[in-house]
Amino acid sequence: MTSGTDTEAAPETPAEIPHFRFFELEVLRTRRLGHSFLRITFGGADLAGFRSGGCDQSLSLFLPPAGREHTVLPSTGEDTWFGDWRGMPDEERPVMRSYTVREQRRTAAGVDEVDIDFVLHGSSSPASAWAGRAVTGRRIMAIGPAVAENKSVRFQPPAGTDAFLLYADETALPAAAAILDRLPAGTPVRAWFEVPHEDDRLYLRAPDGADVTWVVREPGTGAERTDRVLEVLRAAERPAAGAPYAWIAGESATIRAVRRHFVQDCGVDRRSVRFTGYWRLGASEEELLAEAYAGRAPDEDPTAAL
Ligand SMILES: Cc1cc2nc3c(=O)[nH]c(=O)nc-3n(C[C@H](O)[C@H](O)[C@H](O)COP(=O)(O)OP(=O)(O)OC[C@H]3O[C@@H](n4cnc5c(N)ncnc54)[C@H](O)[C@@H]3O)c2cc1C
């Protein structure tokens with residue numbers, strides 16, 4: 001969503017086309033990918049206006065509260081939805097969560113489809129639980145891309161990049177996979193992917209030319225997971241490169257440590273490191289949002305900062 005108040009009747013120029021808008025997504029089918037991942041393929045008439053640019057492009061999903069089948073929002077107007085959504089009684093308010101557009105395509109039959117890959121990490125977390133129960137026909141709402149190159153594509157390597165360094169945990173693996181789909185042939189790629197289970201390596205076959213190390217987490221590990229990742233990174237060889245670009249996403253504490261390693265130990269220019277905490281151990285997305293927006297007006301649209 002854009003935060004501007006564009007009330008003029010003049011036709012939109014490309015610069016004025018909103019980056020985001022609401023879409024209704026309907027579950028078409030689900031498919032298990034490895035141990036921890038469930039791919040949900042969404043369709044629906046609304047998708048004709050969905051414009052994915054790939055890479056790590058994200059969207060906000062609105063999932064029905066407990067006991068409801070479909071998501072219903074009181075309004076989807078750019079200037080009204082946030083206040084209306086926040087004003088709903090707790091037990092009726094849809095749960096907002098961030099996810100990645102793994103792929104958008106139009107089938108031979110002309111049907112628009114969007115894949116989102118959910119990590120199933122437990123039935124007491126709203127998004128993970130919803131995904132685990134999803135069946136054909138369920139409808140949710142999303143704020144998604146209305147233009148391909150919208151502000152939620154964070155992967156922006158500068159011209160002249162001569163190697164890519166990627167680190168992702170399971171929540172960022174869909175984004176890393178979509179980035180790998182788009183990388184130019186011939187540029188070295190060194191990637192580290194941290195997953196909860198051996199079978200999660202099935203999620204992604206190492207693409208041609210990419211040097212991928214899988215870090216399978218010890219069961220039951222908490223904060224010490226970061227030490228193991230750093231141990232693997234420190235022991236690894238990296239491509240000789242003059243202008244590497246690093247993209248790092250996953251659990252917040254690990255992300256900070258990996259970024260520090262790339263900048264301080266490996267000498268990667270800090271301006272060429274794109275890092276995003278996708279979640280934080282022990283905190284729900286509401287808690288993270290509340291921290292990020294502490295002190296802001298209660299009806300300010302959080303997606304304006306996407
Ligand atoms: C830009 C962006 C893109 C993202 N893309 C994806 C994606 O494509 N697929 C995906 O699965 N996730 C993705 N995430 C992460 C996802 O938004 C979080 O994992 C989110 O917390 C899941 O919501 P929930 O309701 O299941 O758990 P919450 O209610 O938010 O959290 C409940 C508890 O579960 C813990 N928790 C959250 N996620 C995990 C996890 N994966 N493993 C173990 N514990 C966890 C929290 O620390 C908290 O203690 C993305 C996040 C961002 C910011």
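Visitor: How many Å separate the centres of domain 1 and domain 2?
Guide: This is a predicted model, and its protein is divided into domain 1 (14-151) and domain 2 (163-279). The contact takes 14 residues from domain 1 and 18 residues from domain 2. Taken over C-alpha atoms, the separation of the two centres is 26 Å.

Visitor: Where does the ligand lie relative to domain 1 and domain 2?
Guide: The shell around the ligand has 24 residues, and Arg97, Ser98, His121, Ala127 and Arg280 come nearest. Domain 1 (14-151) and domain 2 (163-279) both give residues to that shell, so the ligand lies between them.

Visitor: What share of the ligand does the protein bury?
Guide: A polar side-chain atom of Arg97 is 2.8 Å from an oxygen atom of the ligand, and an N or O atom in the side chain of Thr100 is 2.8 Å from a nitrogen atom of the ligand. A polar backbone atom of Asp117 lies 2.9 Å from a nitrogen atom of the ligand. Taken alone the ligand exposes 910 Å², and the share of this buried by the protein is 88%.

Visitor: Which element gives the largest share of the shell around the ligand?
Guide: Two or more residues of the shell come from each of strand S4 (95-100), strand S6 (112-119), helix H2 (126-133) and strand S12 (273-279). By class, the shell has ten nonpolar, nine polar and five charged residues. The largest share is four residues, and the element that gives it is S4.

Visitor: Which elements are included in what covers the buried residues of H2?
Guide: In H2, the buried residues include Ala127, Ser128, Ala129, Trp130 and Ala131. Ala127 is also one of the residues that come nearest to the ligand. The cover over the buried residues of H2 includes strand S1 (20-33), S2, S3, S4, S6 and S7.

Visitor: Is Arg102 buried or exposed?
Guide: Arg102 sits in the loop between S4 and strand S5 (103-106). Leaving out residues up to four places away in sequence, Arg102 touches Arg39, Asp115, Asp117, Pro174, Ala177, Ala178, Asp181 and Tyr203. Its relative accessible area is 13%, and the cut-off is under 20%, so Arg102 counts as buried.

Visitor: With which side chain does the side chain of Arg102 make a polar contact?
Guide: Among the residues that Arg102 touches are Asp115, Asp117 and Asp181. The polar contact of the Arg102 side chain, at 2.9 Å, is with the side chain of Asp181.

Visitor: Why is helix H3 (residues 173-182) described as largely enclosed by the rest of the structure?
Guide: The buried residues of H3 are Leu173, Pro174, Ala175, Ala176, Ala177, Ala178, Ile179 and Leu180. Of these, Pro174, Ala177 and Ala178 are among the residues touched by Arg102. Helix H3 is largely enclosed because its buried residues number eight of the ten.

Visitor: What does the side chain of Thr161 reach at 2.6 Å?
Guide: Thr161 is in the loop between strand S7 (139-145) and strand S8 (163-169). Thr161 is buried, with a relative accessible area of 15%. Not counting residues up to four places away in sequence, Thr161 touches Thr187, Ala243 and Tyr245. What the Thr161 side chain reaches at 2.6 Å is the backbone oxygen of Pro158.

Visitor: What is the phi of Cys55?
Guide: Cys55 belongs to the loop between strand S2 (37-43) and strand S3 (58-63), and Cys55 is buried at a relative accessible area of 10%. Most residues other than glycine have a negative phi. Cys55 is not a glycine, yet its phi is positive, at about 50°.

Visitor: Which side chain makes a polar contact with the side chain of Thr254?
Guide: Thr254 is part of helix H5 (residues 252-265) and counts as buried at 0% relative accessibility. Not counting residues up to four places away in sequence, Thr254 touches Tyr167, Glu194, Arg225, Thr226 and Val229. The polar contact, at 2.9 Å, is with the side chain of Thr226.

Visitor: What distance separates the C-alpha atoms of Thr254 and Pro184?
Guide: Thr254 is found in H5. Pro184 and Thr254 are 70 residues apart along the chain, and their C-alpha atoms are separated by 28 Å.

Methods: Residues are numbered from 1 along each chain as its sequence is written. This is a predicted model: local features need pLDDT of at least 70, side-chain atom pairs count only at pLDDT 80 or more; totals for chains, interfaces and linings use all residues. Side-chain values use heavy atoms; hydrogens and water are left out. A residue is near a molecule or strand if one of its heavy atoms lies within 4 Å of it. A polar contact is a pair of N or O atoms within 3.5 Å; within protein, one must be able to donate a hydrogen and the other to accept it, and residues adjacent in sequence count only if both atoms are side-chain atoms. Accessible areas come from the Shrake-Rupley method with a 1.4 Å probe; for residues, only the protein chains shown count as cover. Ala, Val, Leu, Ile, Met, Phe, Trp, Tyr, Cys and Pro count as nonpolar, Asp, Glu, Lys and Arg as charged, and the others, Gly among them, as polar. Domain bounds come from an automatic or database domain assignment. Buried means under 20% relative accessible area, exposed over 50%, partly exposed in between (1.4 Å probe, protein chains only). Contact means heavy atoms within 4.5 Å.
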